[in-house]
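Let's take a walk through this model, one piece at a time. Have the sequence and the 3D view open as you read.

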Amino acid sequence: MVRVDGRGDGNSLVRVRGLDKKYQRGSEEIHVLQGLNLDVDAGDFVAFMGPSGSGKTTLLNLLGGIDLPSAGSITVAGDEITHMSASKLTAWRARHVGFIFQMYNLIPVLTAFQNVELPLLLTKLSSAERRKHVETALGIVGLSDRMQHYPRQLSGGQEQRVGIARAIVADPTFLLCDEPTGDLDRRSADEVMDLLGRLVREHHKTVLLVTHDPAAAQRAQTVLHLDKGVLVEGRAAEVR
Amino acid sequence: MAIPLAYNVRSLRVRWTSTVVAVLGITGTVGVFVAMMALAKGFRATLVSSGSPRNAIVRRAGATSEMESAVSTDQLHVIEDMPGVAHKGSEPLVSPETVVVAAFPLKATGTDANVQVRGVSPRVLEVRDQVKIIAGRFFRPGLDELVVGRNVASTYAGFDLGSTVKFGGGTWTVVGVFDAGGSAFDSELWADSEVVKQVYKRPLNVYQSVTARLTSADAYPAFKDAITSDPRVTLQVDRETDYYEKQSRAFTRLVTVLGVLVGGVMSIGAIIAALNTMYSAVAERAREIATMRAVGFGTGSVVLSFTFEALCIALIGGLLGCIVVLPLNGLTTGTMNWQTFSHLAFAFRVTPALLLGGVIFALAMGIAGGVPPAIRAARARIAVALREL
Amino acid sequence: MKYRHLIFANLFRKKIRTTLTLGSFAVALFLFGLLAVVRGAFNQGVEVAGANRLVVVNKVSIIQPLPISYEQKLAQVPGVTLINHENWFGGVYQDERNFFPQFAIEDETQRQMFPEFIVPDEQWKTFSDDREGAIVGEDLVKRFHWKVGDRIPVKGTIFPGTWEFNIRGIYHGSRPQDDTTQFWFHYKYLEERENPYWKGLIGWYTVRIDNPDNAARIARDIDATFANSPWETKTETEKAFAAGFVKQAGNIEFLLLSIGSVVFFTLLLVTGNTMAIAVRERMRELAVLKAVGFSDAFVLSLVLGESLLLAAIGGGAGLALSKLFTLGGDPTRGMLPYFYLTLPAIIVGLLAALAVGMAAGILPAWSAMRLRVVDALRRV
């Protein structure tokens, strides 16, 4: 159950209270997020929408621990991440977060298999165990026959699916997707959104998605709009 | 239609760190190469200028240097009477000489170096007219007096005008300094040969060489034939310049070989640096290049453009290398002349020809480092490059 | 190491650039090897000098002789255990350019004094029995294709006339630096044909002492023994004697050091620049690694690791090439009798290469480590 009023109970997977983020641009100070609240439960599929520059990506970066807020708290699966040291945050990220980027951001000199394997190198799994997980992940995204291909040998849609496989291979707590379909044609975009939907329904993943594509947003259970620094619920949910 | 040169110059400025790196690579190479060649040239020049084409040096047949030679007084008289020998009045201008080696501490290191001591005839200044006394006076015959070459006082300790020096078992006074035009003699001590022979306990009627001044350089062939065909003596005759030129060969060869080797290897390194820089430039500017080609500049223009850029780098590097090395010109250093077993002071000699050679060398490196990347730039597919982010 | 493929994959990304950087290292280390060899060649005399040997020469001038009668007085100096004398012959074999040193030696003592030169006993015996015999170094044999039994004519210069010798033995050096270009023959033979001027005289003495620590004292004693005589002596350790020659040859070390510094500095610049460019191109990927959860330290090690790997491979190749080059012998034909790359030099070279790899990689590695993921992932 997704709430933005700051009154969710303590069982939420993701719990954000009073989140502030300020930027210094020249002499100006820009308040991107102001007192933002959010509760997300395990298994939720949330889409964030909003105009360009509204701070959607910033919010995602903060949730994923690759940026720090100016004020406020973020708790994920019981861990308060806003005051973690850089090294603890890195380790936390490895364990809990799966990132999916608009630009796929695959490493071009590694094969699909090796790209997906990356997060597992941070664990203590043996080579054989890693292999099993990678094959499973690539199976889920439907690319078992492309394991040894290099990114340049794959289409845009296929590259993004490798990106998704990489994001899920270590079984993270939640997936953060930043405009995952932004660079894809209609058909590939649909495939990707189908996949994300299946991950939620069949594999019980939690997915937080930033997009400006209404068609993609519609696939989510809940759509939230980022407006003047706070989240507001959109269609298909209570209006506040 | 050529791509404007300003584009290249500005591009070099924008990517200045890479440009500086490539330039320095070439500067280092050219500098080292020119310096080593200047060293070799300087050594050779010193020795070659030690002789005059008008003089002939006579030694015992078979001796490879003066030290191993012996010429008796009888043979000396035969030489004096030969055709072609110049005279002053009735006196033949001939200097019978004895050479020995004595050890003195080098000012630079404090350790001993072997210095060539030449016992000469009191008429030596007339035989070797390129030598001039520039301080003090010439020695008086029969006395323990020395005149020293102009490099001696600066290279060895204790040779100021008026000071006394002990060697060979005798005590000598430095009465004069001479200038021998930057030749090997400038590193020598000269004294009366009779006195030297006495002090060194050499037989009094034997010299090691005889240097004869001829009436002209053309008189040499006749002089030489007359001596070598004379049954009374077994002597060898060389033009003084040739004798010294041969002495310079070993060291010159060593330094030249090393210089070419080191310079050659370094040039490969410099070319690699230039290639690296230019390839990176091409990669970074892929879109600009594609745009220019889409606009209508042909492949030839692109190749020329990038080659020009590489040549700019090379030219700057080459000039810089020459400038850096220029102060070395005239700098004196010393080494051992293995033929005479004595220390020889000489100066680096940076000639315009050498500098020009250095710049050409740099340009060659520039071409080697610039053409392959330029060709790659010209051949990239325009559409692909334009799409690249 | 499970991260191996990351490092290697990156190196193969831009093959040309990797090759060029490897080439830079190879070139620099090849030169380093070359310079080390030349330095070794100049210092060879110093290196092979016997710690317990002194050289006694004429004080007035090194080219002046000493009386052979000095042997008895030398034997009486406390600490002296063995005396040997040699005479420079300075002859010419066929052509002036075929220079090699020839010495008239004292039979038994030569062998005892210089145990580093090894001659089979039977060969030495034949040599002793032959007045015109000669023992030659193996380098000479290689150069002129001589063999035992050949008759070698040498044209004398200091001692005029044509002298002929029979090769009776070949000596080998026990260490790679030992000089095997020498030609030894009997002093007795020289004495017979000497001109009267040189009768009873020899070139210089080599003296073995009981304890190297006593060298200074014994040298002083020897010189004191012959002070104020017509033939005064100057005695010093073999090492000091050889070092004196090197110093005279000019400040070779300075020259080599200068060249070496120029080369390494340039190399540092080139590789540093290359690494910087390479890292700049990979900003986004490195940010992704961090986003996935690889630590800052990991990213630092990755970049640094690549740099060190390039240094090790390129540097190793350069050193190997210079070693190969030395196998071809002295390129100046005769001026550098010892042209050899020692193991310590190779090790120093490798360390220097790694140091350059470290220095060149540290700045880009540092900036990669400090990279803020957010900034790098920001859409352009």
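## A four-stranded sheet in chain A

Let's start with an open sheet of 4 strands in chain A, ordered β2-β1-β4-β5 and paired in the antiparallel way. Two strands count as paired if DSSP finds at least two bridges between them. The element names come from DSSP runs, numbered from the N terminus: helices are H or I runs of at least four residues, and strands are E runs of at least two. At the edges sit β2 (28–40) and β5 (79–80) of chain A, each pairing on one side only.

Now look at β1 (residues 14–25) and β4 (residues 71–76) of chain A, which pair in the antiparallel sense over 5 bridges. Here R17(A) stands opposite S73(A) in β4(A). Lying across β1, β2 and β4 of chain A is helix α1 (residues 56–63) of chain A, at about 125 degrees to β1(A). For such angles, axes are lines fitted to C-alpha atoms (for helices, over the stretch in contact), and the angle between N-to-C directions runs from 0 to 180 degrees.

A quick word on what you're looking at: this is a predicted model, where local features need pLDDT of at least 70 and side-chain atom pairs count only at pLDDT 80 or more, while totals for chains, interfaces and linings use all residues. Residues are numbered from 1 along each chain as its sequence is written, and chains are lettered from A and ligands numbered from 1 in the order in which they are written.

## A six-stranded sheet in chain A

Chain A also has an open sheet of 6 strands, in the order β6-β7-β8-β3-β9-β10, and this one has mixed pairing. Its edge strands are β6 (97–100) and β10 (230–233) of chain A, each with pairing on one side only. On average, neighbouring strands of this sheet are turned by 25 degrees against each other, direction ignored.

Which strand does β6(A) pair with in the parallel sense? That's β7 (residues 174–178) of chain A, over 4 bridges. In β7(A), F174(A) is the bridge partner of V97(A). Helix α1(A) packs on this sheet, touching β3 (45–49), β7, β8 (207–210) and β9 (222–227) of chain A, and its direction makes about 150 degrees with that of β8(A).

## Domains in chains B and C

Chain B is assigned domain 1 (5–48 + 247–387) and domain 2 (62–233); such bounds come from an automatic or database domain assignment. Taken over C-alpha atoms, the centres of these two domains of chain B are 46 Å apart. In chain B, 12 residues of domain 1 are in contact with 15 residues of domain 2, where contact means that C-beta atoms, placed from the backbone, lie within 7 Å. On the domain 1 side in chain B, β16(B) gives the largest share, 5 residues.

Chain C is split into domain 1 (4–45 + 251–377) and domain 2 (60–231). Their C-alpha centres lie 47 Å apart, and the contact takes 5 residues from each of these domains of chain C.

## Where chain B meets chain C

How many residues does each chain bring to this contact? Chain B gives 50 residues and chain C gives 44 residues. On the chain B side, α8(B) supplies the largest share, 17 residues. By class, that side has 28 nonpolar, 18 polar and 4 charged residues. Nonpolar here means Ala, Val, Leu, Ile, Met, Phe, Trp, Tyr, Cys and Pro; charged means Asp, Glu, Lys and Arg; the others, Gly among them, are polar.

Key:
Two residues are in contact if their C-beta atoms, placed from the backbone, lie within 7 Å.
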